[in-house]
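Have a look at the structure first, then read on.

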Amino acid sequence: MPSAAEAARLRPEAVLSVENLRTHFVTPGKTVFAIDGVSFSLAAGERLALVGESGSGKSVTAKSIMRLVREPGRIVGGRISLRGDDLLTMSAAEMRRIRGRRISMIFQDPVSYLDPMFTAGHAIIEVLRLHRSASRAGARKQAVSLLRELKVPSPEDVVDAYPFQLSGGMCQRVLIATAIATDPEVLIADEATSGLDVTVQASILRTLDALAEKAGTAMLITTHSIQVVRQACSRTIVMYHGRIVEEGPTSELLRQPLHPYTAGLLSCMPDSYRRDKPISAIAGEPPVPGSEVQGCAFAPRCPIARPTCNELRPPLAEYAPGRRAACPYAGDVRVR
Amino acid sequence: MSVELLRVEHLRKYYPLKKQHSGGKYTRAVEDVSFTIQEGEILGLVGESGCGKTTLARLLVGLAEPTSGKIWFRGTLLATMPESGWRAWRRDVQIVFQDHFASFDPRLPIGKSIEFPLRVHGLAQGRALRTEAEKLLVRVGLNPNLYSRLPHELSGGQRQRAAIARALSVNPVLIIADEPVAALDLSAQAHVLNLFTALRRNSRVSYVFITHDLNVAAYLCDRVLVMYGGRVVETASAETIFDTPRHPYTRALISAALLGRGAKMTEQIVVEGDPPNPADPPPGCKFHPRCFAAGPLCRRIEPSLDEIDGSHWVACHVAKGVSVA
């Protein structure tokens, strides 16, 4: 199995590489292993999905890359490099020059990320003045053209509107404008379309799509939605209990999942053509997030688990070019 | 022969806006909605935020009073129902909310919350309360020893199942479920949907199932009402809605839902823009600013909801074959 570093060497265009990342939340008497050994790389213009359910560690992964994990959370190990620059050894001041300039991030609940006391345009103008030393008038002009590019109707008015006057979808477009104002190398979208209506979600994902195509921005999209993965992402990583359980090109992974968890997740999609049959739900409940598990974390719910699964943690191994899975019996479970 | 349980006619709900800003205007949350629910039927209400589906749910359970329109429950007009009828009605009609955490008193064990309606309606007392609550937990697929757990000790899916157990405790005939799976992970959603299907098989309870996800509606519901801007824009059986949607908005919703099932990207219908502001809706058809098929007529005249095929109703000039040029 090639390590992430080798993979990065094999694919010289890798913009971001994450290697054996471990982020734990340490409180007296208890350690939560939120992320325990996550490795992947992201190429220019690629749209990579990190998919998983709540507590799987996808958001902590995204925040770790930005070094935005709050106490008592701590990155206890691993390497994150942005075109060779090691983000984890940087000083706080150096890191501030990375955030918003070379890596940008957008979040769920866009309305709460805009300051209610300032106009939407102010947010974009501030970024341009800080990172691009633009003049006030120049920044404003650029803000309008950014919004126009994002298909915001009457951008001149939106620039002067306050967040409460805008819909959630519009606020998210404003935040995307702030995120891409500096032409970042990497854009992280952390459940960025989750609170939005499906039709608005579809249109925003299409915008991101065009952006990756045109500017070559590498995108890391965390989501719990299969629809988002299918529409927006070329490659997919499935996370469970703080680890990667499967990785592969989106279309192949969804058509023919290797890991029993991925297969189980896809079987959970309600299908109107099988109305008479119950949904084949994954048995049991997910483990307590971050709890220590000796073997495979999915074993207690897995339909094909064997006794050894509870003892040995399966490594993420390559099964086909570009397809990795952390299961010795990968491919043995079909969807439904 | 199916028996009509609920009949809603020309239901409207307007909320007044503050006078100094609007000059006495209204937010038209629900505008002229009519439908019926048969005994044992699951009716899906599908739409996006601001389309009026939650207001409609609140009207149906009596948490809001209609501005105009009529609701009949088993042939009795609610507006003229004597006070004595309300107590029984409040037992017969139950609601399950989206936010399964806010639905429970955080300091009360789950079991105590479940037996509360039984106590209020005098259906059980003393030791029988706990036995009943444990039976209900089993009925929704939970371990009866969750009785003494506090809400935060349960997972989201377990809490939502407990909320359903509480709604079932008083043997209702109609349950209004307002986005009961929207806040759940996919695997927990599957368990809750299976529970709804099992409950339908084993009892004659009717459901109004509110969701923004047409995939869920098509799987679970018998009939679907698609709402947009406070109005019903299309209604038909779940199969018909999914296989031959006629309203452009329904088609966009289905295209988003189908993505989860492996439809090709090229087939996707993406509509731009945002749903209308109910306080300031566009003239004519409420969907025309986002519609790919709209013409000048759509901007002027609001289409009425008409039957185009047996039991398939749609409010769209284009779908009805009217020239919109």
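**A first look around**

Ser311(B) sits in the loop that runs between strand E11 (306-309) and strand E12 (312-314) of chain B. Keep in mind that this is a predicted model.

- Ser311(B) has a phi near 60°, a positive value in a residue other than glycine.
- Ser311(B) counts as exposed because it has 10 other C-beta atoms within 10 Å, and the cut-off for exposed is 12 or fewer.
- Over in chain A, Ser133(A) also has a positive phi, near 45°, and it isn't a glycine.
- You'll find Ser133(A) in the loop between helix H4 (120-132) and helix H5 (136-149) of chain A.
- Ser133(A) is exposed, with 9 C-beta neighbours inside 10 Å.
- Glu71(A) and Pro72(A) are joined by a cis peptide bond, with omega at about 0°.
- Pro72(A) belongs to the loop between helix H2 (58-65) and strand E4 (73-82) of chain A.

**Two domains in chain A**

- Chain A splits into domain 1 (4-102 + 184-325) and domain 2 (109-183).
- Where the two domains of chain A touch, domain 1 brings 13 residues and domain 2 brings 14 residues.
- On the domain 1 side, helix H8 (residues 198-215) of chain A gives the most, with five residues.
- That domain 1 side is made up of eight nonpolar, four polar and one charged residue.

**Around Ser104(A)**

- Ser104(A) lies in strand E6 (residues 103-106) of chain A.
- Ser104(A) is buried, with 25 other C-beta atoms within 10 Å.
- Beyond its neighbours within four places in sequence, Ser104(A) has contacts including Ala179(A) and Leu187(A).

Conventions
Residues are numbered from 1 along each chain as its sequence is written. Chains are lettered from A and ligands numbered from 1 in the order in which they are written. This is a predicted model: local features need pLDDT of at least 70, side-chain atom pairs count only at pLDDT 80 or more; totals for chains, interfaces and linings use all residues. Helices (H or I, at least four residues) and strands (E, at least two) are DSSP runs, numbered from the N terminus. A residue is buried if 20 or more other C-beta atoms lie within 10 Å of its own, exposed if 12 or fewer, and partly exposed in between; C-beta atoms are placed from the backbone. Two residues are in contact if their C-beta atoms, placed from the backbone, lie within 7 Å. Domain bounds come from an automatic or database domain assignment. Ala, Val, Leu, Ile, Met, Phe, Trp, Tyr, Cys and Pro count as nonpolar, Asp, Glu, Lys and Arg as charged, and the others, Gly among them, as polar.
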